[in-house]
Amino acid sequence: MKRLTRTVAAATMATALALVAACSSGSDDTDDTNSGGGAALEQVTYLTSFGNFGRDSYAWVAKEKGYFKEAGFEVDIKPGQGTNAVIQTIVGGQAQFGPIDLTGGLLQLGNGEAKDFIAVAAIQQRTMAAIATVEGTGINTPKDLEGKKLADTPGSVVRNLFPTYARMAGIDYEKVTWVNGEAQTLMGTLAAGSVDGIGQFVVGQPTIEAVTKKKAVLLPYSNVMQDLYGNVLITSKQYAADKPESVKRFTAALLKGLEYALANPQEAAEILAKNAEAVNPVAAAAELQLMAGYVRSSNSGTALGTLDSGRVAKSIAILRGAGALKSDLTPEQVIDFNLAPKA
């Protein structure tokens, strides 16, 4: 009887120790070993690049389709207000991820206006920045912008890059007046005739025409600056250093959403409309169709999200040559190539 009692006690103790060991092992897991499967979801905030338009619907797709949860994240998606605002919000710790225009990021970093952020994937392989207007404003060529009034958010890449674009396009940028606007109201401002044009991405054409009821006219920056990337996904340097595996998992989930959205633009537009107010699904789907041609390039091959150091160096050289950067930069100062997808 005493032997049986000792045996039962030993078994009970072994079970208890095993449970303690299991709990201790779970509590000591680091980010680098957490694959997202069965673990508590990490809460992160993601900012869109600029409001809630079709071009940003892929994030909503990644959330709706469960790609973020599969990667171990619970994601709160909020509308961004352009490159400068997205950088400041992420560096300030109010968000963990968001897309910015890479050229805008280079300008912010090279001119000492922002720091402590790092790019980890490309969204578009070519810049989509443009000046947008409608027929009847007298704007058909870059030179026509002189004497006109344009609106954009203060931190927008279109606005910050305009002096460089103007120099390369032969425009006297001091003859162009800029006024402040907000992401979600810019097209309405254009429709009301309060301004002659707005800063916009080329994929905004369908939405502009839906809002203004007029044919859109666009002046793409890529016509004079062909080596520039478009949007890139960024995070803070601190987050990237502390949680590199989280960055990789989040990036993979987001790019999975991007790939699905481009293959299924109408469904992606409907997902966006379900989650964001005042979305025109037809215009949103058309934006995605236009964006598809900017997401891959001969450099990226079939892989999404890749970044090429040589191309980034060319972008820096363009900005330096135009006198737009106060200090020189290297590609590694703005991009973590160890975290970025490989071609």
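**Strands, a loop and a helix**

A151 stands opposite I198 in strand 10. This is a predicted model, in which local features need pLDDT of at least 70 and side-chain atom pairs count only at pLDDT 80 or more, while totals for chains, interfaces and linings use all residues. Residues are numbered from 1 along each chain as its sequence is written, and side-chain values use heavy atoms, with hydrogens and water left out.

Helices (H or I, at least four residues) and strands (E, at least two) are DSSP runs, numbered from the N terminus. Strands of a sheet pair through backbone hydrogen bonds, either parallel or antiparallel. Here, two strands are said to pair if DSSP finds at least two bridges between them.

Strand 10 covers residues 197-201. Strand 8 (residues 149-152) runs parallel to strand 10 and is joined to it by two bridges. Strand 7 (residues 129-134) also pairs with strand 10, but in the antiparallel sense and over four bridges. In strand 10, G199 has I131 opposite it.

Strand 10 is mostly covered, with five of its five residues buried. Buried means under 20% relative accessible area, exposed means over 50%, and partly exposed lies in between (1.4 Å probe, protein chains only). From strand 10, I198 and Q200 point one way, and G197, G199 and F201 point the other way. The residues on both sides are buried.

The loop between strand 7 and strand 8 holds E135. E135 counts as partly exposed because its relative accessibility is 49%. Contact means heavy atoms within 4.5 Å. Leaving aside neighbours within four places in sequence, E135 is in contact with K214, K215 and V217. Of these, K215 is 80 residues from E135 in sequence, yet the two are 5.8 Å apart in space, C-alpha to C-alpha.

Another part of the model is an open sheet of three strands, in the order 5-12-6, with antiparallel pairing. Strand 5 (98-101) and strand 6 (117-122) stand at its edges, each with a single partner strand, so one side of each has no neighbour in the sheet. From one strand to the next, the twist averages 50°. Strand 12 (residues 231-236) pairs with strand 6 in the antiparallel sense over five bridges. Within this pair, A119 stands opposite I234 in strand 12.

A helix accompanies this sheet. Helix 4 (residues 83-91) lies across strand 5, strand 6 and strand 12, and it runs at about 140° to strand 5. Axes are lines fitted to C-alpha atoms, for helices over the stretch in contact, and angles run from 0 to 180 degrees between N-to-C directions.
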